[in-house]
Amino acid sequence: MASQSDSFDVAVVGGGAIGLACAWRASQRGARVVVVDAGEPGAWNVAAGMLAPVSEAEFGERALLELGLESARRYAAFCAELEQPGYRDVGTLVVARDRDEAEALERLAAFRTGLGLPVERLRPSQARALEPALAPTVRLALDIPSDHSIDPRRLVAALGRAFGGELRRARAASLSVGRGRVTGVVLEDGAEIAAGAVVVAAGVHVSRLGMPEAARVPVRPVKGQVLRLRDPGGPGLVERTIRGESAYFVPRGDGRYVLGATMEDRGWDTTPTAGGVYELLRDISEVVPGVFELDIEELSAGLRPATPDNVPAIGRGALEGLVWATGHFRNGILLTPVTADLVAAALAGEVLPSWAAPADPLRFAGVPA
Ligand SMILES: Cc1cc2nc3c(=O)[nH]c(=O)nc-3n(C[C@H](O)[C@H](O)[C@H](O)COP(=O)(O)OP(=O)(O)OC[C@H]3O[C@@H](n4cnc5c(N)ncnc54)[C@H](O)[C@@H]3O)c2cc1C
C-alpha cells in the first residue's frame, strides 16, 4: 500500500531530457510531480545535440519537420529559462564531397527551398571563406543559419536544476493499473508510487516497462556511435556544425567537438566498434582534414528510441492517466521543448494542436508490437 507521501499528481518515468523537461513544465503549471529515473545515462548522454530540423528535412518526413520547426522556434526562449544549458545559436553547413553527393544535395536544397526553409547554396570558395578548415575538394555546400546546437549533458543538468522537484533514483518495473486506468508506478523493489497520471519517458527502455499490451507504443533501439574530440590548440577549427553525407561534426565552441554518428540496427548492443570509429573518421576527414590533429576524449554508443513510423509518441495513451513522451529517435534533443509543452497541456486535459496529430500515441493502440 502506498503511503500518503508517495502520492503525486504526476509520476514521470525517465529522467533524461524529455522526462525532466516534461516534469519541469508540469510543475510550473502547479502539479506535484515525481521523476523516477534509473540513474543510467540515456541517449542524451551520447547525443551530439544538433537542433537541425532544416538540415534533416527529408522527402516524406513532413510530420517530423513540422514538429522539429515548432520546437526549434521555442528553443531560445526555453533555454533563456535555464541556467547554462549549453545552447549555441551558430548555424550549420551541409557539404557534398563529390558529384553524386552534390547532385543529391541540389535536390534536397530545391526541396527545402520549396518548403520555404532558409537554405543558401554556396560555391566551394564561399563555403571555405566561412569555414577555412573545409577540404579544398568540397563540391557544394548549403548554409543553414537557423540550425543550431546544444550540449545535451549540460541541458539535462540544467533541466534537473530547474525542475527542483522530487527525483527518485529507482527503476520502474511496471505501471500500476486498476479499473482501466493508470494509478501509479511499481518500482523494481516492489514499492509503489501512486499518481493521478504517469508520463512514460524512459527512451528506448519503455519497451521493457510492464503494461497492458494493447496500450503499448512499440519502440525499437537504433544504435549510434560517437567520438568526443578536443583540439589541444583551443577553439577555432570550425565554428559551424559541419554535416557530410553520413557523418557530422559539432563544435561546442570551446575546442571540443562531437563526431557522429553511426546508424545500426543491432538490438540492445552498445559496444563501440573499430568499424564504427573508422567509418566516422574516414567520412569526416574527407570534409574537415584537420580532424586528425584532435585528441580523443571519449568513444561511446547509445540507443535511439524509434517507433515504426519514426515519429514520436506524445500525448494521452490508450488508458486513462497514461501519457506518452517517447520514440524521439534521432531528434529527441531538438524535440525536448515542444514535447514538454504538449505533455503539460495533455496532463492539464487540453486538446493538443492539429500539427501535433501525427505524434498521437493512439495510432499504435491495439497494434501488436
Ligand atoms: C548517437 C546519437 C546521436 C544523437 N544525436 C542527436 C542530435 O544531434 N540531436 C537530437 O535532437 N537528438 C539526437 N539523438 C537522439 C536523442 O538522444 C534521443 O532522441 C533522446 O535522448 C531521447 O530522450 P529520452 O529522454 O526519451 O530518452 P533517453 O535520453 O534515453 O533517457 C531515458 C532516461 O530514462 C531512464 N530510464 C530508463 N529505463 C528506466 C526505468 N525502467 N525506470 C526509470 N528510469 C528509466 C534512463 O536512466 C534515462 O535517464 C541522438 C541519439 C544518439 C544515440
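The chain is assigned two domains, domain 1 (7-45 + 154-218 + 308-364) and domain 2 (92-145 + 220-306), with bounds that come from an automatic or database domain assignment. The model is predicted, so local features need pLDDT of at least 70 and side-chain atom pairs count only at pLDDT 80 or more, while totals for chains, interfaces and linings use all residues. Residues are numbered from 1 along each chain as its sequence is written, and side-chain values use heavy atoms, with hydrogens and water left out. Taken over C-alpha atoms, the centres of domain 1 and domain 2 are 31 Å apart. Contact, meaning heavy atoms within 4.5 Å, links 14 residues of domain 1 with 10 residues of domain 2.

Next comes the ligand. It is surrounded by 40 residues, and the closest are Asp37, Glu40, Met50, Phe329 and Leu334; a residue is near a molecule if one of its heavy atoms lies within 4 Å of it. Both domain 1 and domain 2 supply at least three residues to this shell. By type, the shell holds 22 nonpolar, 13 polar and five charged residues. Here Ala, Val, Leu, Ile, Met, Phe, Trp, Tyr, Cys and Pro count as nonpolar, Asp, Glu, Lys and Arg as charged, and the others, Gly among them, as polar.

A polar backbone atom of Met50 is 2.8 Å from an oxygen atom of the ligand, and for Trp44 the corresponding distance is 3.0 Å. For Asn331, a backbone N or O atom lies 3.4 Å from a ligand oxygen atom. Of the 1000 Å² of accessible area that the ligand has on its own, the protein covers 98%, as computed by the Shrake-Rupley method with a 1.4 Å probe. Two or more shell residues come from each of helix 1 (17-28), strand 2 (33-37), strand 13 (220-230) and strand 17 (295-306). Strand 17 gives the largest share, four residues. Helices (H or I, at least four residues) and strands (E, at least two) are DSSP runs, numbered from the N terminus.

Three strands form an open sheet in the order 3-8-4, with antiparallel pairing. Strand 3 (50-51) and strand 4 (87-88) each have a single partner strand and stand at the edges, so one side of each lacks a neighbour in the sheet. Strands pair if DSSP finds at least two bridges between them; strand 3 and strand 8 (residues 148-150) are joined by two. Leu51 has His148 of strand 8 as its bridge partner.

The peptide bond from Gly260 to Ala261 is cis, with omega near -20°, and Ala261 sits in the loop between strand 16 (256-260) and helix 6 (274-285). Arg179, although not a glycine, has a positive phi of about 50°; Arg179 belongs to the loop between strand 10 (172-178) and strand 11 (181-187).

Conventions:
A polar contact is a pair of N or O atoms within 3.5 Å; within protein, one must be able to donate a hydrogen and the other to accept it, and residues adjacent in sequence count only if both atoms are side-chain atoms.
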